[in-house]
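Open the structure in your viewer and keep the selection tool at hand. The stops below go from one selection to the next.

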Amino acid sequence: FSYFLQGRYLFDKADLTLGLMTFQNTSFNQKLFNVYPSINFNYFFNNHWQAYASFNSSSRLPSFTELYYKDAIHQSNPDLKQEKSLSFEIGAKNTNAIAQTSLNIYSMKGNDMIDWVKYSPSDEKWQSRNINKLDKYGDEFDSKLFLNSFIGFLLPNSTLNISYSHM
């Protein structure tokens, strides 16, 4: 069973979205519903600049492949637990006639993350396993330059994308 509730509130220069998702999966012996809240906030300084922040909690159930698939180089794991994570992100965006640009920083804290691993190079098979704790931190920059806005002879949809990501 799964239920989702979301509310969006619009203000003069702000946008707030609150969400709540809950589910129960009897295949994983869940007696209670798990609850996953989210909150997203945008502030619009003007028509070009906005700042945002978001917090989300989530879960991912193991796939059929991760639970049961076996072949010459893969060994599944029917005892996998569901993944759970908390994510936080803050950033800013600018849009104008020359470019769309964004900059953000983020954090994700995960528990029981699922991955295919080999414990040593001599292992013959990849095994699906839960990783007890996995934390990620990073920042990203992205810019799309509209080249035709300052090089007039180019086609209208000519762009140059520049991206940077650090984790």
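Residues are called buried under 20% relative accessible area, exposed over 50% and partly exposed in between (1.4 Å probe, protein chains only). This is a predicted model, in which local features need pLDDT of at least 70, side-chain atom pairs count only at pLDDT 80 or more, and totals for chains, interfaces and linings use all residues. Residues are numbered from 1 along each chain as its sequence is written, and side-chain values use heavy atoms, with hydrogens and water left out.

Start with the aromatic rings. A search of the whole structure finds three aromatic pairs (ring centres of Phe, Tyr or the six-membered ring of Trp within 6.5 Å; planes under 30 degrees apart are stacked, over 60 edge-to-face, the rest tilted). Select Y43 and F45: their ring centres are 4.9 Å apart and their planes stand at 75°, so this pair is edge-to-face. Y43 is partly exposed at 31% relative accessible area, and F45 is partly exposed at 46%.

Next, select F64 and Y68, a tilted pair with 5.2 Å from centre to centre and 50° between the planes. Both sit in helix α1 (residues 64–68); because they are four residues apart, about one helical turn separates them. (Helices are DSSP runs of H or I, at least four residues; strands are runs of E, at least two; both are numbered from the N terminus.) F64 is exposed, at 62%, while Y68 is partly exposed, at 47%.

Last, select F141 in strand β8 (residues 126–146). With 32% relative accessibility, F141 counts as partly exposed.
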